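Please keep the sequence and the model at hand while reading.

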Amino acid sequence: MTTYNELAGFRVNYLSADPTLNSGNEGQVWYNSTTGKLRALVQIKAWAAGGSMSTARRYLGGCGTQTAGLGFGGFVTAPPGVTDTEEYNGSTWTAGGNLGTARYNFGGCGLQTAGLAFAGYNGTANTAATEEYDGSAWTAGGSMSTARRQLGGLGIQTAGLGFGGKTTVVVGTTEEYNGSTWTAGGSMGNATYILGGAGIQTAGLGFGGYNGTANIANTEEYDGSAWTAGGNLNTARRDPAGAGIQTAGLAFGGVTSVSTYTGATEEYNGSTWSNTTSLTTARRGIGGAGLRTSALAFGGYTGANSSATEEFTSSIDVTTAAAWASGGSLSTARSGPAGAGTQTVGLAFGGSPSATVSSAATEEYNGSAWTGGGNMGTARYELGGAGIQTSALAFGGYITAVSNATEEYDGSAWTGGGNLATARYNIAGAGTQTAGLGFGGNNGTVNVTNTEEYDGSAWTAGGALGTATRGAGGAGTQTAGLAFGGFTTANTNVTQEYDGSSWTAGGNMNTARRFLVGAGIQTSALGFGGLVTTVAQSATEEYNGTSWATSTNMTTARYILAGAGTQTAGLAAGGYTGTAQSASTEEYTGSFVTPTASNLTTS
């Protein structure tokens, strides 16, 4: 049999503590016997989709960071360009103040609250105009000495750099901005236009472009007074975007021939460029922002104007393998309890210790053992739960008939709250004691779509589920809830996301099942356990806000169990194995990455 050593070239070491790691050894794997965790060194480099811009456009300006970006100006359908400005918060674009001068093919630099736009083409002629952004409005700054378009830009609002470009001819002239006026800097070694830039005024980077005859791969480095040659790009191109600094730069996108757009992305270490993951959408004329390890690409041209945004992440991290581990057993084995809280401060309440008996018992978990808490006022099973150990919510369930009772727990005792409008059991829950969410279930006759929202005293109607469902898993909050799996007329793998008023479709689970439970939030959830035909399930899945991924199975297969915690620290307690009620508790450690320790050297 092939071993890990033969596959990866490293042995799996058995260690009592995490080692001093070498970033050159990607794939390094070890078992930490103290924590009981299997860990590995991994390098993650990827572009991922962000929120689309409101206005699709090319040849726009960009600056800022990945979570506070700025896109402005550009070309839409015809000269003179647009004045639109948009601000990015890490997920969505919103309108900012308009540029005073509509233009495209100009230089840009700075931050979202201190941006700079300079030169470009206004649809009739090149311009030397400069504008400064304060986070809400653009105002005029000092004009450049040389009007031009298709130049490179870098730096900040009070220390900007404009270089290269085209007047009526290709130029290599450089100008430096001090926050009010432009002055001459050192000329580039190669007159170039439609080039990329990154860095600051005293440590800048210019790369790629077109010299009037051909696309070039040249890189030049600026020290505040003069340009010197750096390492060539691997892909010669014009119209790339840039991010980062002189010793840690990023080049992405562009065009390699008249109509051949590229998504090629390269990283610069101060002397050489290396290829990394390409943009999902190959394009030219992109806006760029951010750092080499957290860049932003937006807009551009693919043969049509684009509004697409992509976020680049590059990191060297330690990943911990997912696993379930045994915790302390419940005092009372039972099926159909509800859960609340976290993995180390959990709560289990209600349930059925036998086929004909309902329980009011409450147990509190401290991360290793369960102890008795105050009994519920109403004994019941297959109820909904939400909140934390010291502020929990119990609602619905089954006694000898369906219940609409609501109770609130304060860490020691339960008191009555406002009743559900629709009595039901197999109801799913999410949220907190003062902002709870109950959805789906069975009213004793049929499955229902009803969603109700709790404000700490009363329930009110929310948006209906897309399909009447019982025994679904639940996670999240009242304004960002998640429903998954369950039983309609058959087991389902459907996921639905709640925004505080309505449910919309999410990614389907890998295993259709009912009577499962959940933990976590809408964008980072955990689903586990359940029932398929007559077989109890141990299957576990993780949700990232878009899709579900299969993870490590529970040790004890079961359904109608209690669930609590987060995606990376889940808690499973009680349930039914198919033959008996269970007292088993399991703790989940998610498959997650953490930034490497300070003793990890990275390049």
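Lys-45 is partly exposed, with a relative accessibility of 26%, whereas Glu-267 is buried at 5%; buried means under 20% relative accessible area, exposed over 50%, and partly exposed in between, with a 1.4 Å probe and protein chains only. The model is predicted, so local features need pLDDT of at least 70 and side-chain atom pairs count only at pLDDT 80 or more, while totals for chains, interfaces and linings use all residues. Residues are numbered from 1 along each chain as its sequence is written, and side-chain values use heavy atoms, with hydrogens and water left out.

**Salt bridges**

- The whole structure holds 12 salt bridges, each defined as a side-chain nitrogen of Lys or Arg within 4 Å of a carboxyl oxygen of Asp or Glu.
- Lys-45 and Glu-267 form one of them, with 2.7 Å between the closest N and O atoms.
- That pair links distant parts of the chain, 222 residues apart: Lys-45 is in strand β3 (residues 37-49) and Glu-267 in strand β24 (residues 265-268).
- Strands (E, at least two residues) and helices (H or I, at least four) are DSSP runs, numbered from the N terminus.
- Arg-380 and Glu-407 meet in a salt bridge at 2.9 Å, N to O.
- Arg-380 lies in the loop between β33 (370-372) and β34 (384-388) and Glu-407 in strand β36 (residues 406-409), so this bridge ties together parts 27 residues apart in sequence.
- Arg-380 and Glu-407 are both buried.
- A salt bridge also joins Arg-513 to Glu-541, whose closest N and O atoms are 3.1 Å apart.
- Here the loop between β45 (503-505) and β46 (517-521), which holds Arg-513, is tied to strand β50 (residues 540-543), which holds Glu-541; the two parts are 28 residues apart in sequence.
- Arg-513 is buried at 0% relative accessible area, and Glu-541 is buried at 1%.

**Aromatic pairs**

- There are 33 aromatic pairs, counted where ring centres of Phe, Tyr and Trp (its six-membered ring) lie within 6.5 Å; planes under 30 degrees apart are stacked, over 60 edge-to-face, and the rest tilted.
- Phe-72 and Phe-106 are a tilted pair because their planes stand at 40°, with the ring centres 5.7 Å apart.
- Phe-72 is in strand β5 (residues 69-72) and Phe-106 in the loop between β7 (93-95) and β8 (107-111), 34 residues apart; both are buried.
- Phe-349 and Trp-414 also form a tilted pair, 5.1 Å centre to centre with 55° between the planes.
- Strand β31 (residues 346-349) carries Phe-349 and strand β37 (residues 414-416) carries Trp-414, 65 residues apart; both residues are buried.
- Tyr-59, Phe-75, Tyr-104 and Tyr-121 are joined into a cluster by ring pairs.

**Charges over rings**

- Arg-58 places its charged end over the ring of Tyr-301, 4.2 Å from the centre; this requires NZ of Lys or CZ of Arg within 6 Å of the ring centre and within 35 degrees of the ring normal.
- Arg-238 lies over the face of Tyr-210, 5.1 Å from the ring centre.

**Backbone geometry**

- The peptide bond from Pro-79 to Pro-80 is cis, with omega near 15°, and Pro-80 is in the loop between β5 and β6 (85-88).
- Ala-119 is not a glycine, yet its phi is positive, about 60°.
- Ala-119 sits in the loop between β9 (114-118) and β10 (130-133) and is buried, at 0% relative accessible area.
- Glu-382 also has a positive phi, near 50°; it is in the loop between β33 and β34 and is buried at 16% relative accessibility.
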